Amino acid sequence: MSGLDVRGLRAGYGAARVLHGVDLAAGDNEIVVLLGPNGAGKTTLLRALSGLVGGRGAAALDGVALLGRAPDEIARLGVAHVTQEGGTFGPLTVEENLRVGAQARPWPRRGVSEDVSRVFTYFPVLQAHLGRPAGTLSGGEQRMLAIGRALMARPRLLLLDEPTRGLAPQARSRLFGTIHAINRHEGTIMIIVEHNVAAALEVAHRAYLVESGRIADLRARRRW
Ligand SMILES: Nc1ncnc2c1ncn2[C@@H]1O[C@H](COP(=O)(O)OP(=O)(O)O)[C@@H](O)[C@H]1O
Ligand SMILES: [Mg+2]
């Protein structure tokens, strides 16, 4: 099966079980949004998919099992995770951060410079700052850099944990517009955690509600 297929996913921290059997599907090129209150388990779900926490059950990307593998192996299988914390390297320049992102890509790594240029077409402000240390960028710009860095791995599945957190409504719509363009042009499957329901449903092909470690499939967008 192509796309992401998650069945009965359980995960937690030590003895503390957080996810109690989550089913989720994302078809080819779909943007899936996860809604739900704080503490529901949204971040834990993304962490389980990228291997940052152990998970049980089943999760497959294009038929390849993800659970039980180390994060770097999952990254090489095409999963990129932009965490809530972002994860850019402050002392490195914008361009260096992007080039580091290509290291998650399997060999041979051709076309890295072309990919840097493509990231700049999505986020022109990064090109304007390409020689600056990432740590000197604004919060919103660092968010864009983190997404750009993830794109450098040419992911099949991009996990975005609250990418619009703290942004003003206009900046949030702009970022969602860019995310939509990336999904369309790169064919990347995306799972996005978002708190603003209206904004999320603007871009989502499909949405789920996560509550207390369980998940409910909201109906496909075209049928809302
Ligand atoms: N590193 C951790 N160690 C222990 N418990 C954690 C850790 N991270 C999150 N939790 C707990 O897991 C639950 C789900 O958290 P999280 O997945 O971050 O929720 P959400 O992203 O939906 O706000 C919460 O009860 C939280 O306290
Ligand atoms: Mg979270």
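Visitor: How far is an oxygen atom of ligand 1 from an N or O atom in the side chain of Lys42?

Guide: The distance from an oxygen atom of ligand 1 to an N or O atom in the Lys42 side chain is 2.7 Å. This is a predicted model, in which local features need pLDDT of at least 70 and side-chain atom pairs count only at pLDDT 80 or more, while totals for chains, interfaces and linings use all residues. Residues are numbered from 1 along each chain as its sequence is written, chains are lettered from A and ligands numbered from 1 in the order in which they are written, and side-chain values use heavy atoms, with hydrogens and water left out.

Lys42 belongs to a group of residues around ligand 1 that also includes Tyr13, Val18, Pro37, Asn38, Thr43, Thr44 and Arg47, a residue being counted when one of its heavy atoms lies within 4 Å of the molecule. The backbone takes part as well: a polar backbone atom of Gly39 is 2.7 Å from an oxygen atom of ligand 1, and for a backbone N or O atom of Ala40 the corresponding distance is 3.2 Å.

Contact, meaning heavy atoms within 4.5 Å, joins 17 residues of domain 1 to 12 residues of domain 2. Together the two domains bury about 1200 Å², with 65% of it on carbon and sulfur atoms; buried area here is the accessible area (1.4 Å probe) that two parts lose on being put together, summed over both. On the side of domain 1, Pro155, Ile182 and Glu186 lose the most area to domain 2, together making up 37% of what that side buries.

Glu186 also takes part in a salt bridge with Arg118, in which N and O are 3.0 Å apart; the term requires a side-chain nitrogen of Lys or Arg within 4 Å of a carboxyl oxygen of Asp or Glu. The rule finds one salt bridge across the interface of domain 1 and domain 2, whereas a search of the whole structure finds 10. One of these pairs Arg156 with Asp28, whose closest N and O atoms are 2.4 Å apart. This pair links distant parts of the chain, 128 residues apart, with Arg156 in the loop between helix H6 (139-151) and S7 and Asp28 in the loop between strand S2 (16-26) and strand S3 (31-35); helices (H or I, at least four residues) and strands (E, at least two) are DSSP runs, numbered from the N terminus.

Leu167 and Gly140 are 27 residues apart in sequence, yet their C-alpha atoms are 7.1 Å apart in space. Leaving aside neighbours within four places in sequence, Leu167 is in contact with Gly140, Arg143, Arg172 and Leu175.

Terms used. Polar contact = N/O pair within 3.5 Å; in protein donor to acceptor, adjacent residues only side chain to side chain.
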